[in-house]
Amino acid sequence: MADDSVSGGAVSGGAVSTPTGTRATEPPRDVLGLVGSTPGEGAFDHHHPPKLDLVNDCVHCGFCLTTCPTYVLWGEEMDSPRGRIYQMKQGLEGEPLTDSMVEHFDRCLGCMACVTACPSGVQYDKLIEDTRQQVERRHSRSPRDRALRGAIFKLFPYPKRLRLLRGPLRAYQASGVQRLVAKTGLLKLMPTLGAMESLAPRLSKPERLAERVPAQGAKRAVVGMLTGCVQSAFFPDVNAATARILTAEGCEVVIPRTQGCCGALSVHNGREEEAQKFARALIDTFSDVGMDYFVVNAAGCGSSLKEYDRLLADDPAYAERATAFTAKVRDLSEILVELGPVAPRHPLPVTVAYHDACHLGHAQGVRAQPRALLRGIPGLELREIADAEICCGSAGIWNVLNPEPAQQLGERKARDVLATGAALLVTANPGCLMQVAASVRRLGADIGLAHTAHVLDASIRGLPVEDLL
Ligand code: SF4
Ligand code: SF4
């Protein structure tokens, strides 16, 4: 049986110190009400189990521990990258997939801070992705957890269904019912619902984008643009700003209305077949548009789009197309730096704290480009956030599935952001924007929140800085 101890190496007996000294609470037990795996079988089947050679790359040095948000919260070895890799090894050696193992794997935010921190180059991203797929195939979840995940995956990857929520959500926010519900404290009794309610952004009227927007001036490239699910439903202004920036920089932008989800949420939660279905559909949608690049403005989506080659490697009809597609994927900040600026920037006198979304910084290694673009705006002062490598607790749907620890991570991040004294927080992921906004509100503080695209767009158009605050 798997237990919470590691023998040999740098750890023993499951009793570990908390090097950060920041252990705040015990990890939630049975948060998801797990009810067990297929009895009598080993942890993993033969369809892409976590690779033993990648597991063996871990030398148990512990350099990753202080960057891991769950280890920072709870100080538990089995909730650290090293401990999770150890449990994968146990599974590969024939241990069954226990409730305890699944709980520790589920608690991983997939933030990939450990990948950045690891001096041995351990590919934890690949390990946890393969492990999550095994968990989804081979572990029976409780009825409550199945229902919650079922509802999430029937809604979130479908932009049209999400857009249907806009009307009722706007009415709820505008009518005063939201304030009334907050006063009753009712949502504290239902943490998952409370988390979803607190994360919902303030909605404004969406701007309709043309399917093909011509380049301004000499055409430098044709780019396909992902509108995304949460981004298109709740942050359509980010998409409008992205299209305007690209056209101002000489790109013809292609935005097919038939595009759907990229599959990021599914792949990050072990739903392999569903993710593959979304990936094939997106490749088909953009197959005839003649694009040089495929541009993404949401970090979580970008990191999975850059791995379509891996996701579809076993599919003879799509493997080659997926590799070609992957080669064209760029985050908005990458393409803008690659092409170099042609549109003049107008001054924006504002102090900005830039937050590295984990799936941009850790998963894609894109840190310099957004900073270079922001520094290129006259009058803008960039400030760094302490402990920038630690996740804000958003992590796709992790904050909905784990509302209490997500709140703790969110408030920790919000405090670090507020300590910069910046007037504006800038990041490149809708999940981070919602999570930090909700956390700042809970702390009773106030700060402007913007996507990198908002700031660049405002500078190129010469808008007043007050529009961002
Ligand atoms: S991905 Fe993030 S939460 Fe998961 S083990 Fe690595 S650092 Fe910890
Ligand atoms: S994952 Fe890397 S940093 Fe963490 S213990 Fe293993 S070798 Fe060390």
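**Ligands, sheets and core**

Analyst: Of the 14 residues around ligand 2, Cys58, Cys61, Cys64, Arg82 and Cys118 come nearest. A residue counts as near a molecule or strand if its C-beta atom, placed from the backbone, lies within 6 Å of it. Helix 3 and helix 5 are the elements that give two or more residues to this shell.

User: How are the chains, ligands and residues numbered, and what kind of model is it?
Analyst: Residues count from 1 along each chain as its sequence is written, while chains are lettered from A and ligands numbered from 1 in the order in which they are written. This is a predicted model: local features need pLDDT of at least 70, side-chain atom pairs count only at pLDDT 80 or more, and totals for chains, interfaces and linings use all residues.

User: Which residues are closest to ligand 1?
Analyst: Cys68, Pro81, Cys108, Cys111 and Cys114 are the closest, out of 14 residues that surround ligand 1. Helix 2 (69-74), helix 3 (81-92) and helix 5 (113-117) each give two or more residues to that shell. Helices are DSSP runs of H or I with at least four residues, strands are runs of E with at least two, and both are numbered from the N terminus.

User: What classes of residue make up the shell around ligand 1?
Analyst: The shell around ligand 1 has 10 nonpolar, 3 polar and 1 charged residues. For ligand 2, the shell has 10 nonpolar, 3 polar and 1 charged residues. Ala, Val, Leu, Ile, Met, Phe, Trp, Tyr, Cys and Pro count as nonpolar; Asp, Glu, Lys and Arg count as charged; the others, Gly among them, are polar.

User: Where does Glu76 sit?
Analyst: Glu76 lies in the loop between helix 2 and helix 3. The C-alpha atoms of Glu76 and Leu65 are separated by 10.0 Å, and the two are 11 residues apart along the chain.

User: Why is Glu76 called partly exposed?
Analyst: Because Glu76 has 19 other C-beta atoms within 10 Å. Buried takes 20 or more such atoms within 10 Å of a residue's own, exposed takes 12 or fewer, and partly exposed is in between, with C-beta atoms placed from the backbone.

User: OK, zoom out. How many helices and strands does the protein chain have?
Analyst: The protein chain has 25 helices and 9 strands. Of its 469 residues, 47% are buried.

User: How confident is the prediction?
Analyst: The mean pLDDT of the protein chain is 87, and 83% of its residues reach 70 or more. pLDDT is the predictor's confidence in each residue, from 0 to 100. Over residues 1-24 it stays under 50. Residues 28-40 also have pLDDT under 50. Where pLDDT is low, the predicted coordinates should not be read in detail.

User: Now the core. Which residues touch the most other members?
Analyst: Val223 and Val436 do, in the largest nonpolar core, which has 123 residues. Helix 24 (residues 430-442) gives the largest share of this core, 7 residues. Such a core is a set of buried Ala, Val, Leu, Ile, Met, Phe, Trp, Tyr and Cys residues joined through C-beta atoms within 7 Å.

User: What does Val223 touch?
Analyst: Leaving out residues up to four places away in sequence, the residues Val223 touches include Leu246, Cys251, Met291, Phe294 and Ile335. Contact here means C-beta atoms, placed from the backbone, within 7 Å.

User: Which residues of helix 19 are buried?
Analyst: In helix 19 (residues 332-339), the buried ones are Leu332, Ser333, Glu334, Ile335 and Leu336. They pack against several elements, including strand 2 (221-225), helix 13 (236-248) and strand 4 (293-296). Gly340 follows helix 19, and its phi is positive, near 80 degrees.

User: What about sheets?
Analyst: One open sheet has 5 strands in the order 1-3-2-4-5, with mixed pairing. Strand 1 (212-213) and strand 5 stand at the edges with a single partner strand each, so one side of each has no neighbour in the sheet. Strand 1 pairs with strand 3 (residues 251-254) in the antiparallel sense over 2 bridges. Val213 stands opposite Val253 in strand 3. Strands pair if DSSP finds at least two bridges between them.

User: And which strands does strand 6 pair with?
Analyst: Strand 6 pairs with strand 7 (residues 380-383) in the parallel sense over 4 bridges. Strand 6 also runs parallel to strand 8 (residues 424-427), joined by 3 bridges. Ala353 stands opposite Arg383 in strand 7, and its bridge partner in strand 8 is Leu425. Strand 6 (residues 350-354) is mostly covered, with 4 of its 5 residues buried.

Terms used
Contact = placed C-beta atoms within 7 Å.
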